[in-house]
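Open the model in your viewer and keep the selection panel at hand. This tour tells you what to select next and what is there.

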There are 2 protein chains.
Amino acid sequence: MSQPAGRTILASTIAKQYVDEITSEVAKLPFKPKVVGFLGNSDPASKTYASWTGKTCESLGFEYELQEVDKYELEASIISANKDDNVHGIMVYFPVFGDKQDQYLQQLISPEKDVEGLNFMYYHNLYHNVRFLDSPTNEQKSILPCTPLAMVKILEYLGVYNKHLHYGNRLYGKKVLVVNRSEIVGRPLAALLANDGATVFSLDINNIQKFTRGDDLLMQRHKVTDLDSEEYSLEHVAPQCDVIITGVPSDKYKFPTELVSNGTVVINFLSCKNFEDAIKQKAGLYVPSIGKVTISMLLRNLLRLINNREIRKKNAENK
Amino acid sequence: MSQPAGRTILASTIAKQYVDEITSEVAKLPFKPKVVGFLGNSDPASKTYASWTGKTCESLGFEYELQEVDKYELEASIISANKDDNVHGIMVYFPVFGDKQDQYLQQLISPEKDVEGLNFMYYHNLYHNVRFLDSPTNEQKSILPCTPLAMVKILEYLGVYNKHLHYGNRLYGKKVLVVNRSEIVGRPLAALLANDGATVFSLDINNIQKFTRGDDLLMQRHKVTDLDSEEYSLEHVAPQCDVIITGVPSDKYKFPTELVSNGTVVINFLSCKNFEDAIKQKAGLYVPSIGKVTISMLLRNLLRLINNREIRKKNAENK
């Protein structure tokens with residue numbers, strides 16, 4: 001095969017500026033922020049992942065404590081960590097029960113310590129483009145789920161966001177295909193990119209939906225349309241897209257290389273490799289994994305949560 | 001009409017960094033470079049344009065001399081300026097005779113003083129992607145015709161060139177429509193953008209051609225295909241384009257706004273306004289004129305020509 005015309009960009013390269021920023025911010029704090037990770041399953045892959053997040057936290061100047069707990073103890077452990085003033089961030093390695101109980105446990109984490117940004121309140125703010133927690137004072141910034149946020153930062157780094165357009169509109173004119181419509185990543189990501197001006201095609205096993213900003217700016221939310229006609233088949237949509245993002249949780253799934261136009265920005269966000277190697281001959285910029293950016297966003301969220309806590313303290317004292 | 005989602009970007013904003021760079025470079029020279037402009041017609045528009053270029057040259061630290069000459073004296077005047085060591089740059093305001101004689105006069109300007117970069121040698125280098133005048137030493141950089149060069153700098157400024165791609169490939173994946181196929185601007189511009197990785201659709205009154213880099217990298221030149229089928233009508237091609245560039249020398253011609261997709265980068269390079277005002281509701285970034293960038297490139301070319309002259313002098317002394 002000939003030398004690819006495009007380039008592969010590693011997550012570590014993109015994460016570098018955030019790692020530097022976070023390290024310097026943490027060093028300024030009068031205490032060492034502490035993250036607690038709960039491991040409630042015995043899956044070796046989860047353990048490896050937990051150990052990797054732990055090492056990353058520590059290398060950036062955070063304290064990290066991994067608690068391996070019986071799944072029936074997890075609820076009590078979360079409640080206790082919520083109350084512990086020395087714990088600043090909490091994350092749980094899912095799946096635990098592998099059913100709706102996991103969602104209950106997730107939502108049990110106090111929003112003030114939810115470094116992954118998975119609380120319903122944060123999703124609500126994302127869908128409605130609400131950027132602050134304390135309107136109309138607007139001192140405490142809302143946080144965003146870390147994977148969709150990482151994707152925004154990656155697209156900014158790659159120059160897909162155009163800085164000459166107004167803030168909040170920097171994806172105007174861009175067409176993005178997101179292959180995944182999970183509640184955790186795919187759907188919120190599509191909404192986030194549509195809120196910034198993109199036309200987003202969201203593909204799952206059932207159909208294709210189109211997300212646009214919509215005209216309802218008062219409601220501050222995007223608009224979703226089901227696309228059923230032939231004209232909006234994957235074969236028709238994919239080659240038109242400036243960006244293709246995949247997150248299909250199966251190593252067997254491969255996005256059809258022949259539907260990718262030369263020069264497309266291609267991003268794979270799960271650890272499953274959704275593209276054949278031949279994608280490098282087609283992609284303009286190819287980001288094969290994003291984990292290092294995601295964990296940077298998690299720690300950036302933590303710093304924001306700590307900052308919000310300081311603001312609340314100060315305001316309480318002044319009353 | 002509602003507030004446009006996109007932005008209008010003025011040429012003066014884009015030119016600023018070049019104006020600053022040029023001003024500081026000129027100040028370092030031990031002499032004041034001199035540009036001579038020849039006006040061989042009595043068209044008031046040419047006179048206005050000549051006076052504007054003169055003022056710009058002077059404001060940036062150059063000496064500018066406008067010579068109004070009878071058209072039959074122009075040949076002798078150019079030859080004399082070619083020989084004059086105190087003249088560093090020569091430009092002629094065309095049309096003079098309005099026929100092929102104008103081309104003869106243009107080519108008569110010494111390539112060493114051809115600030116507009118209109119000599120056949122420079123076009124040859126552009127078409128063949130040749131960047132130096134003195135291969136294999138590669139000390140003296142070739143120059144580019146100033147309007148196509150201005151367009152490249154504008155597209156770089158606007159973020160259409162993606163700096164994460166390898167140099168020489170930064171338009172990979174971009175689709176560009178150029179409405180003008182003149183030998184001075186449209187055709188060389190299409191080739192230049194294709195050499196940088198874009199797919200360029202070049203439209204003139206007769207047909208649409210497609211310029212791509214082609215596979216013949218040894219020949220270092222782009223590939224041109226005539227597109228005659230229905231599939232490549234303007235109606236089909238225009239809405240797919242990331243960038244639409246027009247230079248139709250008529251105030252009556254307006255590019256059909258309805259063929260422009262939301263968020264497209266739109267650039268008008270002649271003084272004739274080829275777009276309706278409604279384009280602002282569609283364009284992502286709209287550059288309504290480019291004159292200030294073009295003249296910056298002319299003066300940048302002049303500095304390069306002076307630099308090449310110094311290199312030749314030094315090499316001659318060392319022999």
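The stops run from the pair of chains to single residues.

**Before you start**

This is a predicted model: local features need pLDDT of at least 70, side-chain atom pairs count only at pLDDT 80 or more, and totals for chains, interfaces and linings use all residues. Residues are numbered from 1 along each chain as its sequence is written, chains are lettered from A and ligands numbered from 1 in the order in which they are written, and side-chain values use heavy atoms, with hydrogens and water left out.

**Stop 1: both chains**

Show chains A and B together. How is chain B laid on chain A? A turn of 180° with a shift of 0.0 Å along the axis does it, at an RMSD of 0.0 Å. That is the relation of a two-fold axis. The superposition is by least squares on the C-alpha atoms of residues with pLDDT of at least 70 in both copies.

Now select B:Gly159. Of the residues of chain B, B:Gly159 comes closest to the rotation axis, with its C-alpha at 3.5 Å.

Next, colour the interface. Of the interface residues of chain B, 100% are also interface residues in chain A, so the copies meet through the same surface.

**Stop 2: chain A as a whole**

Chain A has 9 helices and 11 strands. These are DSSP runs, numbered from the N terminus: helices are H or I with at least four residues, strands are E with at least two.

Zoom out. The C-alpha atoms of chain A fill a box of roughly 55 × 45 × 40 Å along the principal axes. The radius of gyration of chain A is 20 Å, which agrees with the value near 20 Å for a compact globule of 319 residues. That radius is taken over C-alpha atoms, and the globule rule is 2.2 Å times the number of residues to the power 0.38.

Of the 319 residues of chain A, 50% count as buried. Buried means under 20% relative accessible area, exposed over 50%, and partly exposed in between.

Contacts are worth a look too. Of the contacts in chain A with a separation of 6 or more, 62% are between residues 24 or more positions apart. Contact means heavy atoms within 4.5 Å.

**Stop 3: two cis bonds in chain A**

Select A:Phe94 and A:Pro95. A cis peptide bond joins them, with omega about 0°. A:Pro95 lies in the loop between strand 4 (89-93) and helix 4 (100-108). Leaving aside neighbours within four places in sequence, A:Pro95 is in contact with A:Asn41 and A:Asp102.

Move to A:Ser135 and A:Pro136. They too are joined by a cis peptide bond, with omega about 0°. A:Pro136 lies in the loop between helix 5 and helix 6.

**Stop 4: A:Pro145**

Follow that loop. A:Pro145 lies between helix 5 (120-127) and helix 6 (146-157) of chain A. A:Pro145 is buried, at 1% relative accessible area. Which residues does A:Pro145 contact, beyond neighbours within four places in sequence? They are A:Glu116, A:Gly117, A:Leu118, A:Tyr123 and A:Leu126.

**Stop 5: positive phi in chain B**

Bring back chain B and select B:Asn129. Its phi is near 60°, a positive value in a residue other than glycine. B:Asn129 is in the loop between helix 5 (120-127) and helix 6 (146-157) of chain B. At 23% relative accessibility, B:Asn129 is partly exposed.

Then select B:Asn138. B:Asn138 is not a glycine, yet has a positive phi of about 55°. B:Asn138 is in the loop between helix 5 and helix 6 of chain B and is partly exposed at 36%.

**Stop 6: B:Cys57**

Finish in helix 2 (residues 44-59) of chain B, at B:Cys57. B:Cys57 is buried, with 0% relative accessibility. Leaving aside neighbours within four places in sequence, B:Cys57 is in contact with B:Val35, B:Phe62, B:Tyr64 and B:Leu299. For a distance check, pick B:Lys34: it is 23 residues from B:Cys57 in sequence and 9.1 Å away in space, C-alpha to C-alpha.

Conventions: Buried means under 20% relative accessible area, exposed over 50%, partly exposed in between (1.4 Å probe, protein chains only).
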